[in-house]
Each structure stands twice: as C-alpha cells, then as structure tokens.
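Dear colleague,

Please find below the structure I promised to pass on to you. My notes on it follow directly after.

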Amino acid sequence: MADIAILETRERVLAGILLTGAAYFLFSTQDASIKLLVAGMSVWQIMFFRSITILGACAAIGGRQLFADTVRSPIVRPMLVRSAFTLAAWLCYYNAARSLQLAELTTVYYAAPIIVTVLSVAMLGEKVPLLRWFAVLIGFAGVFVACDPTHLGLSVPVLQVLAAAVLWGIAVVLLRKTALAERSLIQLLLNNFYFLVFSAVPGLLWWHTPDGAQLLLLASVGALGGLAQYLLFEGMKRTPASILAPLEYTSLLWAFALGFAIWGDVPRREVFFGAALIVAAGLLIVGGEHFRKRL
C-alpha cells in the first residue's frame, strides 16, 4: 500500500509539472497574440475582451449552476486579493516595458520564480530541498546569459519590473492556496470576473473598434488565456509551488521560438547557451523529484 501511495504521489506531481509546462506554453502563445494587438489597441481593452471570452466559455460549460456555486464559494474574497496582485503585476510590467529593452525587462522579471520559491517557504511552509534551490538559480543564470543585459542600475523602470516580479510571486503563492480549496472552473470564473470589473472602465475609455483580423486575435487571446489559466490551476493542485516555480523559465524559450516563427527574430549565440541552462534547470527539477519520490 505504501508503494502504491508513493507511486500515486509521484505521478500526481509529474502530472502537475506537465500541466503547468503546457500552461506556460499557452501563455507565451497568448503573449505573442497580444504583441500583435497592442500596436492598435490598449492592454485594458485586450484584457476586457479576454475576460468576456473566458466568462462566456465558463457559462457554456457550467451553466447557471456554476454561477450559483461560485457565489457560495469560500474563495470569493481570496481570489479578489489574488487577482488584484496579478493586475498590479501586469500594470508595473507593461509600464516598465515602455522604457527598458526586452533583454533588460525579461532578466529582471524572471527573478519571479526565485521569489515564488522563497515565498512558498514563508507563506506555505513548504520544505525546499537544496537541489531545487540549485535548479532555480541555474534557471535564472540561463535567463541572464540568454538576455545578455547591460548594467541596469536602480532606475524607476527597473524598480517597476522588480515590483512586478514580487507581486506575481505573491499571486502564484496565493494561487496555490486557493487551488487546493476550490475546483478550477470556479477559480477561472472568479479570476476573469474580477479582471472584467477592473478593466471595463479604462477599456471603454480607450476604446478602439477592432477589424476582422483583430477580432480573431482577440478570440484567440481569450481561448489561449482561458485554457492556460485552467491548466495552471490544475497543476497547482497537484504540485508544490516551489517545484513549479522554475518551469516559468520555459516561457522564455517559447518566446524566442515564437519570435522567430512570427517576426523572423534570430536569437544570438548567447540565447542558445542560456536556453540550454534553462532546459537543464527544468530537467533537474523533474529528475530530482522523480528520484526523491522513489527513495
């Protein structure tokens, strides 16, 4: 019985890793779609459309009963707090993006997985093995090498990105708490309802009537973002946040791949070396967890 329990636990953790890895791929694809959209409309409007699309999908899947269960859910307030932290992280990140190069922006922001690992100890009481800390640092080193940043200094934009990393780290840890307390579809509905409320007024104030191509992109943003959120919620239910934290580094790899496929961006040699470090960090997490559970 003990061996069966260990096997089930290991498979559950590995399933969480796979679900979360898929979520970050979908988030990266969503970001590529948003990059195509922001040239003609505000981020607020994109968030507004995305929220409506996801809420419509939730209504089609869960019907009235889903909304009734959501109103009675114990995570209504916690999800409001978590959504506020996520929104604040986005605002800091996109404001800083106006002043920093992509390499600088990405390098500073990818301190977030390290922050998640630290907060998972402070806020969730998780025990983080030394190997996992090592993997997180390898992943961050890979991002640093891939981006090849200049000497940044503590400018206002840099402080904004650091704030975004901290806020997102807190949001991820809070997500781990709510993920264990409620089913994913309710979390998806609440998260996007709050985003709809937050973005409605500024989205309408800076309104741009989309053309046919933009409508298709907006629909894809909603579909990709909704599925990515659902997979992330499911992954968080199965695996400790400190294990999942380094997987966020894979978003950078997808970003480089999508950048080449869509805009023809050719990564420098340093990018490939950094990518190898990032992949090694992810494999170290998966392999270390697999070995630890077998002992």
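A residue counts as buried when its relative accessible area is under 20%. Phenylalanine 49, with a relative accessible area of 18%, is therefore buried, and phenylalanine 48 is likewise buried at 14%. Please note that this is a predicted model.

As to the overall architecture, the chain contains 12 helices and 0 strands. Of its 295 residues, 48% count as buried. Among contacts between residues at least 6 apart in sequence, 91% join residues at least 24 apart. The accessible surface of the chain is about 14200 Å², and carbon and sulfur atoms account for 71% of that area.

Turning to the aromatic residues, the count comes to 5 aromatic pairs. One of them, formed by tyrosine 24 and phenylalanine 27, is tilted, with 6.4 Å centre to centre and 45° between the planes. Both residues lie in helix α1 (residues 2-37), 3 residues apart, or about one turn of the helix. Tyrosine 24 counts as buried at 5% relative accessibility, as does phenylalanine 27 at 16%. Phenylalanine 48 and phenylalanine 49 form an edge-to-face pair, 6.3 Å centre to centre with 85° between the planes. Together with Trp207, Phe48 and Phe49 form one aromatic cluster.

Finally, the second largest pocket has a volume of about 150 Å³. Helices α2 (43-71), α8 (184-205) and α9 (212-238) each give two or more residues to its lining. The lining residues, among them Cys58, Leu188 and Tyr230, divide into 9 nonpolar, 3 polar and no charged.

With kind regards

Key
Residues are numbered from 1 along each chain as its sequence is written. This is a predicted model: local features need pLDDT of at least 70, side-chain atom pairs count only at pLDDT 80 or more; totals for chains, interfaces and linings use all residues. Side-chain values use heavy atoms; hydrogens and water are left out. On a 1 Å grid over the protein atoms alone, a cavity is a set of points where a 1.4 Å probe fits but cannot get out, and a pocket is an open set with protein on both sides within 12 Å along at least five of seven lines; lining residues have an atom within 4 Å of a point. Grid points are joined across faces, edges and corners, and a volume is the space filled by probe spheres set on the points. Helices (H or I, at least four residues) and strands (E, at least two) are DSSP runs, numbered from the N terminus. Ala, Val, Leu, Ile, Met, Phe, Trp, Tyr, Cys and Pro count as nonpolar, Asp, Glu, Lys and Arg as charged, and the others, Gly among them, as polar. Buried means under 20% relative accessible area, exposed over 50%, partly exposed in between (1.4 Å probe, protein chains only). Contact means heavy atoms within 4.5 Å. Accessible areas come from the Shrake-Rupley method with a 1.4 Å probe; for residues, only the protein chains shown count as cover. Rings of Phe, Tyr and Trp (its six-membered ring) pair if their centres lie within 6.5 Å; planes under 30 degrees apart count as stacked, over 60 as edge-to-face and the rest as tilted.
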